[in-house]
Amino acid sequence: MWGRLGYREFKNGMEKKRLGLIVNPVAGLGGRVGLKGSDGADIQRRALELGAVAESPRRAQLALEMLSPLKDQLEVFTYPGEMGEEVVFRCGLGATVVGVITQGKTTGEDTIRAAEEMRGLGVDLLLFAGGDGTARDVYEAVGLTLPALGIPAGVKIHSAAFASSPMAAGELAASYLRGGVPSLREAEVMDIDEDAFRRDVLSARLYGYLKIPFRRALVQGAKSASGPGEEPAQRAIAMAIVELMEDDCAYILGPGTTTRAIAWQLGLEKTLLGVDVIKDREMVGRDVGETELLELLQRTRAKIIVTPIGGQGYIFGRGNQQISPRVIRKVGTDRIIAVSTPHKINSLQGRPLLVDTGDGELDRALSGYVRVVTGYGEQILYRVSCFATT
Amino acid sequence: MEDIRSHRYIDGKPRLRRFHQARWDEPIIFELSCKGQRGILVPDVEEEIREQVGDVMASLPEYMRRKEPPALPELSQPQVLRHYVRLSQENLGTDLNIDVGQGTCTMKYSPKINDQLARAPKVAELHPLQDEDTVQGILEIMYRFEDMLKEISGLDRFSLQPGAGSAAIYTNVSIIRAYHESRGEGDQRDEIITTIFSHPSNAACAKTAGYKVITLYPDEDGYPDLRALKAAVSERTAGLLTTNPEDTGIFNPRIEEFVKVVHEAGGLCSYDQANANGILGITRAGEAHFDLCHFNLHKTFSSPHGCGGPAVGATGVRQELAQFLPAPLVEYDGHRYHLSYDLPHSIGKIGPFYGVAPVVVKAYAWVMSLGAEGLREVAEIAVLNNNYLLKKVLEIPGVSAPYARGKRRIEQVRYSWQELTEETGVHSEELGLRAADFGVHYWTSHHPFIVPEPCTLEPTESYSREELDEYAAILAHVAEEARTNPELVKTAPHNSTIHTIDQAPLDDPNQWAMTWRAYKRKVQEQAE
Amino acid sequence: MGKHKPVAYPYIPNSVPDVKRQMLREVGAESVDDFYHDVPENLRLKEPLKLPDPLPSEYALKRHVEGILGRNRTCGEYLNFLGAGCYQHHVPAVCDEVNQRGEFLTAYAGEPYDDHGRFQALFEYTSMMGELLNMEVVNVPTYDGFQAAATALRMAGRITGRREVLVPQIIGADKLSKIRDYCKAQLGIRPIGYDADTGHLDLDRLKAAIGDETAAVYLENPSYLGFIETQGEKVSEIAHEHGAICVVSVDPISLGVLTPPADYGADIVCGDLQALGMHMQFGGGHAGFIATRDEERYVMEYPSRLFGIVPTRVEGEYGFGDVAYERTSFAVREQGKEWVGTAAALWGITAGVYLALMGPQGMAEIGEGILLRSRYAMAELNKVEGVRAPLFEGPHFKEFVVNFDGTGKTVEEINRALLTRGIFGGKDLSREFPQLGKSALYCVTEVHTKEDIDTLVSALQEVVE
């Protein structure tokens with residue numbers, strides 16, 4: 001069956017695409033048995049004692065099955081045993097197995113090595129099954145140098161570099177590999193401190209970005225799988241924001257690719273993971289922390305520009321904690337500008353934007369409705385909540 | 001002797017049709033060209049004229065004379081007819097299919113008598129600039145129809161000039177703009193508010209007219225969010241554009257408050273009545289204090305859709321705003337109908353003349369055949385049909401009707417196949433294409449897909465119970481196939497005119513081709 | 001004729017009381033009122049709408065409507081010389097046959113699979129227009145020629161990023177009104193003067209007015225007043241020198257004999273399709289076209305649908321789909337690309353049928369015939385005492401200005417007198433262009449025989465005496 005291949009591709013013999021697959025066998029181990037996260041050998045042992053069954057191989061298999069119509073056009077590379085070989089075998093796909101592991105005792109190091117090796121082999125797409133930790137490992141290895149996509153298998157995933165489900169991951173991968181005009185977007189990789197998490201303290205840091213295939217069904221007018229990505233929308237937002245920038249006012253730009261587009265519109269470079277400050281069209285603060293921000297605010301009035309970070313829709317509290325409650329209060333809660341591409345908003349599927357500054361009273365003050373700039377001359381009114389629903 | 005009727009049932013349930021759409025594999029008309037053939041001959045010019053005028057082309061500068069006749073295809077008349085009749089068979093018009101699958105389009109029956117009346121020479125052979133004494137008939141119909149719209153909407157004056165719904169929305173926005181300018185607030189009021197479930201043209205037309213658009217997202221129950229509206233209004237608000245019921249089929253119970261909030265902020269409210277079919281005679285724009293509205297005559301008022309027009313978007317306003325309407329308006333002095341251009345504050349023309357007269361004739365005839373009680377019956381049965389279909393569809397495992405759970409809908413429903421998709425990996429679009437294998441349309445939603453894996457169905461009053469049952473049975477069957485034979489669904493359609501198209505070239509400047517000549521050139525270039 | 005509720009409505013199958021009852025029961029509703037629970041009580045109408053008593057029988061309806069329409073007098077009954085944007089041409093019977101077929105008439109917005117015929121018919125239409133216009137991209141039709149012109153100008157604004165367009169002073173007041181309203185948010189409209197003898201655009205004035213802020217120079221060929229603008233080459237040159245886009249509006253039925261504007265430098269060509277197979281319908285037979293070269297920066301600015309031909313997964317089979325569909329939501333540069341909606345697709349299909357029937361020869365012949373007949377008419381009218389035709393020097397296509405200053409009568413008086421003789425005289429231009437004196441716009445097409453023209457001339461002779 002040709003699936004949704006066009007005739008021409010079939011006739012000309014699509015040149016074979018290379019797919020890399022890495023399965024983190026312990027991701028999601030803790031979840032079902034009530035342990036949050038699964039970093040560390042101790043946690044893993046405890047989980048197994050509690051009867052946990054690894055989720056990620058099963059999830060990876062669901063994703064790979066979506067790729068089987070393409071199998072004649074694919075060259076699959078994977079790691080041995082539980083890090084991918086078993087899954088590939090169960091799907092009936094052939095694969096070249098590279099690398100060496102110790103079955104049952106794999107760690108993040110193995111993931112990093114696997115990703116590096118597959119990059120060296122020139123894979124067109126790197127699929128990885130796991131959670132935030134796995135995403136961080138992949139990022140460590142390849143950064144933005146090659147397209148990657150996460151098959152979600154972790155407990156609760158904060159990184160945006162994952163598809164919404166294993167099947168969606170498989171489909172997205174298939175459509176990307178099938179080609180046409182490939183489109184990618186940068187998606188956040190979040191660093192969750194799991195120890196803190198287990199103590200019910202959620203501390204998230206923006207760790208980096210991976211380049212993932214862009215799913216266009218969430219974008220206005222998408223009729224085909226291929227086409228331009230988010231840049232036009234981001235540029236439009238940037239134009240709108242730059243137009244309303246006032247003189248003698250500092251603009252505190254949170255991390256994010258949309259806020260980065262604002263800096264680019266002014267011809268400025270922005271730190272991808274950090275908070276920068278622009279004033280009168282110049283960069284006056286790079287990768288600043290709370291202290292520098294408070295100092296700055298002694299000398300000038302300011303506005304804050306934020307965009308949702310991660311897959312959960314947080315505009316404060318995940319990846320931009322430098323913009324602390326004190327900073328927010330000093331600037332003024334009525335001087336916050338939210339920006340977001342329509343794609344990002346729609347990926348929330350109706351869930352509200354979220355705030356978690358650590359200051360409950362401030363969170364409540366920020367909740368309600370916020371105007372979000374989504375394009376040039378386009379805004380939406382969207383709900384902000386300080387309570388995440390599940 | 002066998003009774004064929006027994007084959008209509010399997011295990012007591014109606015069997016689905018063994019449908020196959022016409023597939024003519026018809027070449028592009030240029031490929032049928034044969035040099036020298038003529039499809040029609042034009043009248044000869046009399047010899048005396050030729051002699052007297054001489055070489056008429058000589059008076060044109062050289063470069064203005066076309067060197068060679070255009071490279072149009074050359075076919076004889078029967079070949080042209082046959083080609084187009086074959087193409088006509090390769091469509092599923094309302095005349096052919098149970099067209100409940102084109103939600104928001106109100107695909108109702110377009111009575112043939114109305115088509116007949118509108119194509120008569122007494123409509124077709126009228127020039128719009130004829131002396132008014134010679135067109136009293138058509139002016140009367142336009143005037144009477146305007147009266148009908150006034151009564152149906154509760155507003156005071158209508159223009160039939162805009163060429164469809166979006167043009168009417170644009171006209172309304174232009175009127176809003178003129179209103180604020182006349183009060184010196186044109187610059188100050190630069191924002192228009194709409195909702196994400198209103199028709200996308202509300203946002204697009206407002207933007208075209210120069211406004212910043214603020215779109216409200218719904219509350220958790222899928223209703224337009226009043227608190228969001230309150231957060232959105234300000235002294236910059238020019239107006240609110242809202243479709244009601246929205247494209248989800250949900251009526252906004254606080255519509256009056258919405259209007260009040262916007263009025264208090266100094267803005268005007270325009271009612272997009274594209275979804276009026278379920279509320280004719282039930283409620284009106286006037287009672288909710290709207291300032292403007294529009295109707296789609298090719299939806300609610302039964303004029304046929306024509307593959308995408310011609311159409312009319314009738315735009316209505318309160319008396320105070322009538323001065324801004326596009327000119328001319330039809331007036332009656334008790335004896336004579338008259339086109340009045342006495343509108344010094346008019347926004348200007350929207351189209352060349354007065355609107356698409358044959359569409360107005362059809363709409364007028366439709367209302368005349370039904371009357372007030374008939375219109376109410378239209379609305380009630382459209383709503384009954386919709387809720388009946390809703391019940392049947394919700395019996396299918398894997399589908400849901402998000403928002404306002406457990407509640408009824410007005411004239412359409414936006415469903416979600418999310419559950420089925422998660423279970424089987426089959427998407428809504430794919431289900432729709434497989435439904436086409438049974439001879440019906442299926443529409444998902446406007447983009448973006450706020451509702452995941454959407455499907456929007458609008459029965460209207462034109463389909464029988466059996467037809468609704470058939471449609472639901474098709475969906476149930478296709479959903480079942482998604483579980484038992486997903487590959488079949490994912491590779492659909494199989495019984496349609498063509499097979500899955502390759503979308504990729506449509507976004508690639510090197511491969512897209514919007515005319516035959518562009519296509520031939522690119523094929524040639526790639527071969528080289 | 002009192003209030004009368006029929007036993008069953010022919011257009012509403014489930015209005016049969018038994019069926020309605022059963023369906024209500026199956027849905028678990030007491031009455032239809034249950035479904036309107038979200039409609040507040042105070043917004044519900046308490047009484048039926050005050051509409052005219054219905055005519056439920058088809059015969060009564062037909063009689064009623066025909067009775068009203070019977071008061072109209074058609075251009076089949078009168079000899080018609082009106083034009084000004086709506087034209088009396090012969091509509092081939094096959095055109096009517098195709099656009100009356102229910103399969104086309106009642107189709108709408110299905111997918112490229114279930115409505116393949118519609119997509120192919122429209123692709124063939126755009127392809128045939130492409131040949132007529134000598135351009136490779138043509139849109140799925142918009143509402144009418146006014147909209148096409150206004151959108152073309154806004155496209156030029158978006159492409160160049162500039163904010164002013166130059167238009168001829170000799171432009172129909174209605175069209176100018178539309179352009180002004182539609183372009184208001186983005187563009188300033190500046191009229192450019194014309195040569196008093198020929199009506200042609202005054203090139204010196206154009207050069208003086210054009211600058212770095214000019215997005216487009218707009219030209220009509222033939223002009224609203226019928227003369228053929230012969231400086232197209234120079235106009236587009238001047239436009240291009242300043243980085244402006246040359247937009248030309250044409251009458252497509254002239255392109256069998258006149259050079260397509262693309263050949264003299266037009267970047268965007270637009271116009272109205274009514275002359276290609278649509279009955280006049282009191283001004284209800286219009287559709288607009290916009291055409292450009294196949295360049296990405298132009299393609300991305302169309303607000304209409306564009307249908308492209310693509311292969312399917314079966315060898316040798318092709319289908320159609322929307323090209324660059326997402327561009328309609330882009331917000332690059334400035335505002336989005338206007339809007340996409342129902343417009344006039346059926347007329348586009350009809351125009352395709354018309355062009356296919358006419359073919360290259362037919363288009364050449366009809367164009368030549370119109371040139372000949374209108375030239376004859378002008379010459380003959382000019383012989384009438386006090387009448388001057390055409391008012392402007394130079395070649396004309398189909399329409400021309402006739403001036404009556406020498407007769408001492410107003411156009412209104414003359415037209416009224418012609419009316420009593422069964423003739424619709426040309427559009428009165430006295431208010432629209434007072435500088436032209438007592439003038440009217442006359443239109444002669446292939447439907448006018450020599451006898452018809454002679455009838456007009458002798459009638460005028462009588463009238464002006």
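# Exercises on a predicted three-chain model

**Exercise 1. At what angle do helix H10 of chain B and helix H2 of chain C pack, and which residues make the contact?**

Solution. Start with the geometry: helix H10 (residues 357-394) of chain B packs against helix H2 (residues 58-69) of chain C at an angle of about 135 degrees, and their axes are 10 Å apart. Keep in mind as you work that this is a predicted model.

Next, classify the angle. Angles over 145 degrees count as roughly antiparallel and those from 65 to 115 as roughly perpendicular, with the rest oblique, and H10(B) and H2(C) are therefore oblique to each other. The handedness of the H10(B) and H2(C) crossing is right-handed.

Now find the residues. H10(B) brings Ala365(B), Met368(B) and Ser369(B), while H2(C) brings Leu61(C), His64(C) and Val65(C). Sorted by class, the contact of H10(B) with H2(C) holds four nonpolar residues, two polar ones and no charged ones.

**Exercise 2. Widen the view to the contact of chain C with chain B: how many residues does each chain give, and which element of chain C gives the most?**

Solution. Count each side: 171 residues come from chain C and 172 residues from chain B. On the side of chain C that touches chain B, H11(C) gives the most, with 25 residues.

**Exercise 3. Into which domains is chain C divided, and which elements supply at least two residues of the side of domain 2 that touches domain 3?**

Solution. First set out the division of chain C: domain 1 (13-66), domain 2 (79-89 + 361-464) and domain 3 (93-354). Over C-alpha atoms, the centres of domain 2 and domain 3 of chain C are separated by 28 Å. The contact draws 23 residues from domain 2 of chain C and 22 residues from domain 3 of chain C.

Then look at the domain 2 side of chain C that touches domain 3. Helix H11 (345-382) and strand S11 (399-403) of chain C each supply at least two residues, and H11(C) has the largest share, six residues. By class, this side of domain 2 of chain C has twelve nonpolar, six polar and five charged residues.

**Exercise 4. In what order do the seven strands of the open sheet in chain C stand, and why is one side of S2 and of S4 left without a neighbour?**

Solution. Read across the sheet of chain C: S2-S8-S7-S6-S5-S3-S4, with mixed pairing. Strand S2 (137-138) and strand S4 (188-192) of chain C stand at the edges with a single partner strand each, so one side of each has no neighbour in the sheet.

Zoom in on one pair. Strand S7 (residues 268-272) and strand S8 (residues 288-292) of chain C run antiparallel and are joined by five bridges. Cys270(C) stands opposite Ile290(C) in S8(C).

**Exercise 5. Turn to chain A: what is the strand order of the five-strand open sheet, and which helix lies across S1, S4 and S5?**

Solution. The order in chain A is S3-S2-S1-S4-S5, and the pairing is parallel. Strand S1 (residues 17-23) and strand S4 (residues 125-130) of chain A pair over five bridges, and Leu19(A) has Leu125(A) as its bridge partner in S4(A). The helix asked for is H3 (residues 56-65) of chain A, running at about 145 degrees to S4(A).

How values were computed
Residues numbered from 1 in each chain as written. Chains lettered and ligands numbered in written order. Predicted model: local features only at pLDDT ≥ 70, side-chain atom pairs only at ≥ 80, totals over all residues. Pairing = 2+ DSSP bridges. Helix = DSSP H or I, 4+ residues; strand = E, 2+ residues; numbered from the N terminus. Domains from an automatic or database assignment. Contact = placed C-beta atoms within 7 Å. Nonpolar A, V, L, I, M, F, W, Y, C, P; charged D, E, K, R; others polar. Axes fitted to C-alpha atoms, helices over the stretch in contact; angles between N-to-C directions. Parallel < 35°, antiparallel > 145°, perpendicular 65-115°, else oblique. Left-handed = near helix turned anticlockwise from the far one by under 90°.
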